Amino acid sequence: MTDFEVLAFAFKQFAGLPGQEFEKSIPYWKNETFKKWDFYNEHRSVCKYLGFVKQGVFRSYVIDEKTGEDKNVFLYSGNQFVVSFKSFIQQIPCDYHTQAMTEAEVLCIHFLDLQKLYQQSHAWERFGRVLAQEAFNISMERTESFLFKSPEQRYLDLIKNHPDIFNNIPLYHISSYLGIQGPSLSRIRKRILGK
């Protein structure tokens, strides 16, 4: 499959966007490559692009003012959107950094081009609504996972959503994302592998 066929399929799965509607967007997509540690979007800058990860892993993180430590908030990997949702949708400065953790390739569309598509088509307008709902859902799921789920359940969710993550990023980044210390992650992994 070509990049655009993969993207068209993903958009159909995500928001029911018909193929002929997706074709309207083809001139607007740009292929971007990121080296490890390159920023997709930096803290306090406005996120201008919606990205679709062809390959690679990104993280969004904040820096703890007291300790100076990075705290991972979101992870993005292959066939997922990479975007600072709130910043992108509202076009306001972002609360965190989004950075490539591996070499990565992303198909990107600019906010203004997406707005043009929304004005041209009800199907694209629907995509915009679904995207906003997804942003809300991801944020709520992330918050609720810390309130209602055990570290082990969060670990299992991580494997489900990012199956290749352990092959791509250091364990301390996974611990940070799960909100646990490294030794706790080792114990969880041993328990699950032992089942």
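In which sense do strand S3 and S6 pair, and over how many bridges? In this predicted model, the pairing of S3 (residues 49–55) with S6 is antiparallel and spans two bridges. Within this part of the fold, Gly51 lies opposite Val82 of S6. Helix H4, formed by residues 111–120, packs on the sheet. Its contacts are with S3 and S8, and its direction makes about 55° with that of S8.

The sheet itself is open and has four strands. Their order is S1-S8-S3-S6, and the pairing is antiparallel. Strands S1 (30–34) and S6 (81–82) stand at the edges. Each has a single partner strand, so one side of each is left without a neighbour in the sheet.

Over the whole protein chain, the secondary structure amounts to nine helices and eight strands. The radius of gyration is 17 Å, close to the 16 Å that the globule rule gives for 195 residues, so the chain is as compact as a globular protein of that length. Along the principal axes, the C-alpha atoms fill a box of roughly 50 × 40 × 35 Å.

Of the 195 residues in the protein chain, 41% are buried. Among contacts with a separation of 6 or more, 71% come from residues 24 or more positions apart. The accessible surface of the chain is about 11,100 Å². Carbon and sulfur atoms contribute 52% of that surface.

Definitions and conventions. Residues numbered from 1 in each chain as written. Predicted model: local features only at pLDDT ≥ 70, side-chain atom pairs only at ≥ 80, totals over all residues. Heavy atoms only, no water. Pairing = 2+ DSSP bridges. Contact = heavy atoms within 4.5 Å. Axes fitted to C-alpha atoms, helices over the stretch in contact; angles between N-to-C directions. Rg over C-alpha atoms; globule rule 2.2 N^0.38 Å. Buried < 20%, exposed > 50% of the residue type's maximum accessible area, 1.4 Å probe, protein only. Areas by Shrake-Rupley, 256 points an atom, 1.4 Å probe, with all protein chains shown as cover.
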